[in-house]
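Please examine the structure shown here with attention to its charged side chains and its helices. The explanation that follows takes these topics in turn.

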Amino acid sequence: MTGRVEGKVAFITGAARGQGRAHAIRLASEGADIVGLDICAQIDSVDYAMSTPDDLKKTVELVEKTGRRMVAKVGDVRNAESLKSAYQEGLDSFGHIDLVVANAGIMPVWGNGSDTMQAWQDCLDVLLTGVLNTVEVAYPRLLQQGTGGSIVITSSMAATQPMMRTLGGRTLGLLGYSAAKAALVNLAQNYASILAYHNIRVNAVHPTGVNTPMVDNDMVRDRFANVDPEDGLTLVNAIPVDTVEAEDIANTVLFLCSDESRYLTGSALRVDAGSSLR
């Protein structure tokens with residue numbers, strides 16, 4: 001039996017760890033080769049340790065254990081030329097790219113530096129412009145190939161509901177994170193409209209909190225240890241779990257990349273453990 005994305009090639013940003021790694025492994029387990037990009041460096045406004053080159057190497061190892069191949073590059077989604085270089089190396093290696101997962105993200109929402117204009121700008125640059133850059137680099141080749149394709153954008157439940165209830169809960173980083181994630185919904189809809197005639201689908205995914213290094217760190221633990229009870233009511237899951245796993249999001253990404261969702265475009269899927277109900 002062939003896999004659900006057998007013979008496809010997926011381009012994934014933020015692939016070194018967390019959700020990006022989970023997407024790479026899940027798609028590879030269903031037959032796709034992977035082209036992965038990650039910054040593998042620290043951004044000053046971010047108050048938790050970001051990915052490293054060793055993290056990206058580990059993703060390659062895990063993909064190769066599935067029997068598929070992976071081209072991994074260090075690069076920055078804020079820099080279109082960096083993305084083009086990685087994308088072209090993937091094309092040179094595999095001859096085509098069929099699936100795009102615009103996943104790279106940061107969360108400078110609490111901790112040192114979070115209430116600065118730099119945190120706001122970094123969120124817009126990585127989470128919004130970085131996705132724009134990724135899609136702009138990828139879609140011309142999808143058009144040229146003439147075989148359709150799927151683009152999946154990682155948004156957040158922060159796009160759909162307030163993440164702050166008091167002035168004490170407000171930071172410029174959290175405002176920037178929420179605004180960028182909300183803008184991705186509109187971005188996905190416009191690309192979906194533009195590309196639908198060419199059978200290229202574009203969808204967004206809204207996860208609740210996910211058990212990755214972006215969430216499982218001292219910055220987040222300190223915030224919840226000292227949070228105003230009112231602000232603690234944001235993003236409460238109806239299903240009694242604190243977070244979901246990266247593999248839960250990866251299963252949704254696989255569905256959106258497979259032919260099972262061939263007529264699904266312009267949508268935003270919530271993988272939220274029912275947080276929208278609370």
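**Salt bridges and helix packing**

In this predicted model, D218 has a relative accessibility of 59% and therefore counts as exposed, the cut-off for that class being over 50%. Its partner in a salt bridge is R221, with 3.0 Å from N to O between the two side chains. R221 is partly exposed, at a relative accessible area of 43%. Both residues belong to helix α6, which covers residues 218–226, and because they are three residues apart there, about one helical turn separates D218 from R221.

Side chains of opposite charge can pair when their charged atoms come close.

The side chain of E6 forms a salt bridge with that of R68, at 3.9 Å from N to O. Since E6 is located in the segment before β1 (9–13), and R68 in the loop between α2 (53–65) and β3 (70–74), this pair ties together parts that lie 62 residues apart in sequence. Both partners are partly exposed: E6 has a relative accessible area of 41%, and R68 one of 23%. E6 and R68 also belong to a network, in which salt bridges with shared partners join them to D33 and R69.

A further salt bridge is found between K73 and E89, whose closest N and O atoms are 3.1 Å apart. Here strand β3, which holds K73, is linked to helix α3, which holds E89; the two residues are 16 apart, and the pair connects distant parts of the chain. K73 is partly exposed at 25% relative accessibility, and E89 is likewise partly exposed at 31%.

Two packed helices are described by the angle between their axes and the distance between the axes. For α3 (residues 80–94) and α4 (residues 117–145), the angle is about 35° and the axes are 9 Å apart. The crossing of α3 past α4 is right-handed. On the α3 side, the contact is made by A80, L83, K84, Y87 and L91. These meet G130, N133, T134, V137, A138, R141 and Q145 of α4. Sorted by class, the residues of this contact comprise six nonpolar, four polar and two charged ones.

Methods: Residues numbered from 1 in each chain as written. Predicted model: local features only at pLDDT ≥ 70, side-chain atom pairs only at ≥ 80, totals over all residues. Heavy atoms only, no water. Axes fitted to C-alpha atoms, helices over the stretch in contact; angles between N-to-C directions. Helix = DSSP H or I, 4+ residues; strand = E, 2+ residues; numbered from the N terminus. Left-handed = near helix turned anticlockwise from the far one by under 90°. Contact = heavy atoms within 4.5 Å. Nonpolar A, V, L, I, M, F, W, Y, C, P; charged D, E, K, R; others polar. Salt bridge = Lys/Arg side-chain N within 4 Å of Asp/Glu carboxyl O. Buried < 20%, exposed > 50% of the residue type's maximum accessible area, 1.4 Å probe, protein only.
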